[in-house]
Amino acid sequence: MPSPTIHPAPVTATPPILTAGSPFTAVELQAMEADGMVRRLVGRAYVPVRARTTAELRARALSAMLTARVRERAVAGRMTAAWILGCAPPPEMPVMLVESTRRLARLGTGERLLVHEVSFGDFDVLEIADLRVTSALRTAVDLAIHSEERIAVPVLRRLLAREGLGLTVGLMVRSLEGLPAQPHKTRARRILERLQS
C-alpha cells in the first residue's frame with residue numbers, strides 16, 4: 001500500500017506595504033488604485049485590495065511612512081492607536097507620542113505628523129508588528145482627556161466593544177482618577193459617564 005501523500009499547510013503570505021519608490025512611483029500607485037488593484041490604507045501607504053485589514057497590517061503601513069528614528073523613539077497614540085486597533089478612521093496626520101525625557105526637536109519625520117511629549121507608565125506601550133503603540137487602556141484614557149466629546153465617545157464605544165482588548169468603563173475611570181490633576185480631566189470624567197448610560 002503506498003504511503004499517503006502529506007501536503008504541507010499553505011503558508012499565508014504577509015501582504016506587502018507599497019509606498020512611492022518601492023517599487024512603484026506615486027503616480028503608478030494612484031493608477032493601480034483607480035484600477036482596483038491596491039487601496040490606500042493610510043498616508044502614502046497602499047496594500048493589495050484583497051489584503052485582510054488587521055492591526056498588524058495597519059501598524060506595518062504606518063511604520064512604512066516613518067523614519068527609522070521616529071520608529072525607534074516614538075509611540076503611535078490617541079486616534080492613531082485607536083485606528084491601529086480597528087476602532088477609528090485612518091488619521092490624516094498620525095499622532096506620535098514621545099517620552100518627555102527624550103525630546104524630539106528636529107526629528108526629521110519625513111511625513112506630516114503630530115508629535116506630543118508625554119510620560120508613559122510601565123504598561124502603557126505595547127508592540128504591534130514592530131511598531132510601538134499605546135495600550136488599549138492608555139489609548140482610551142488619552143482619548144477621553146484630549147479629544148472632543150462628540151469625536152471621543154463613538155471611538156471609545158468601539159474600543160469597549162472590541163473583543164480581546166479587555167476594556168471596561170470602570171477600568172478607564174480608575175486609570176483616569178489615578179492621574180495627577182490636568183486640564184480636561186473634568187471633561188474626561190463626563191465622557192466616561194456617558195459611556196455608562
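A residue counts as buried when its relative accessible area is under 20%. The exercises below apply to a predicted model.

**Exercise 1. Overall make-up**

State how many helices and strands the protein has, and what share of its residues is buried.

Solution. The secondary structure comes to eight helices and seven strands. Of the 197 residues in the protein, 41% are buried. Turning to contacts between residues at least 6 apart in sequence, 53% join residues at least 24 apart.

**Exercise 2. The setting of Ser 135**

Locate Ser 135 relative to β7 and α5, decide whether Ser 135 is buried or exposed, and list its contacts beyond four places in sequence.

Solution. Step one: Ser 135 sits in the loop that runs between β7 (131-134) and α5 (136-146). Step two: its relative accessible area is 10%; the cut-off for buried is under 20%, so Ser 135 is buried. Step three: a polar atom of the Ser 135 side chain lies 3.2 Å from the backbone nitrogen of Arg 138. Step four: once neighbours within four places in sequence are set aside, Ser 135 touches Phe 123, Asp 124, Val 125 and Leu 126.

**Exercise 3. Packing of α6 and α8**

Classify the packing of α6 with α8 from the angle between them, and give the classes of the residues in contact.

Solution. Step one: α6 (residues 149-161) and α8 (residues 185-196) pack at about 50°, with axes 10 Å apart. Step two: α6 and α8 are therefore oblique to each other. Step three: the crossing of α6 past α8 is right-handed. Step four: α6 contributes Glu 149, Ala 152, Val 153, Leu 156, Arg 157 and Leu 160 to the contact, and α8 contributes Arg 190, Ile 191, Arg 194 and Leu 195. Step five: by class, this contact has six nonpolar, no polar and four charged residues.

Conventions
Residues are numbered from 1 along each chain as its sequence is written. This is a predicted model: local features need pLDDT of at least 70, side-chain atom pairs count only at pLDDT 80 or more; totals for chains, interfaces and linings use all residues. Side-chain values use heavy atoms; hydrogens and water are left out. Helices (H or I, at least four residues) and strands (E, at least two) are DSSP runs, numbered from the N terminus. Buried means under 20% relative accessible area, exposed over 50%, partly exposed in between (1.4 Å probe, protein chains only). A polar contact is a pair of N or O atoms within 3.5 Å; within protein, one must be able to donate a hydrogen and the other to accept it, and residues adjacent in sequence count only if both atoms are side-chain atoms. Contact means heavy atoms within 4.5 Å. Axes are lines fitted to C-alpha atoms, for helices over the stretch in contact, and angles run from 0 to 180 degrees between N-to-C directions. Angles under 35 degrees count as roughly parallel, over 145 as roughly antiparallel, 65 to 115 as roughly perpendicular and the rest as oblique. A crossing is left-handed if the near helix is turned anticlockwise from the far one by less than a right angle, and right-handed if clockwise. Ala, Val, Leu, Ile, Met, Phe, Trp, Tyr, Cys and Pro count as nonpolar, Asp, Glu, Lys and Arg as charged, and the others, Gly among them, as polar.
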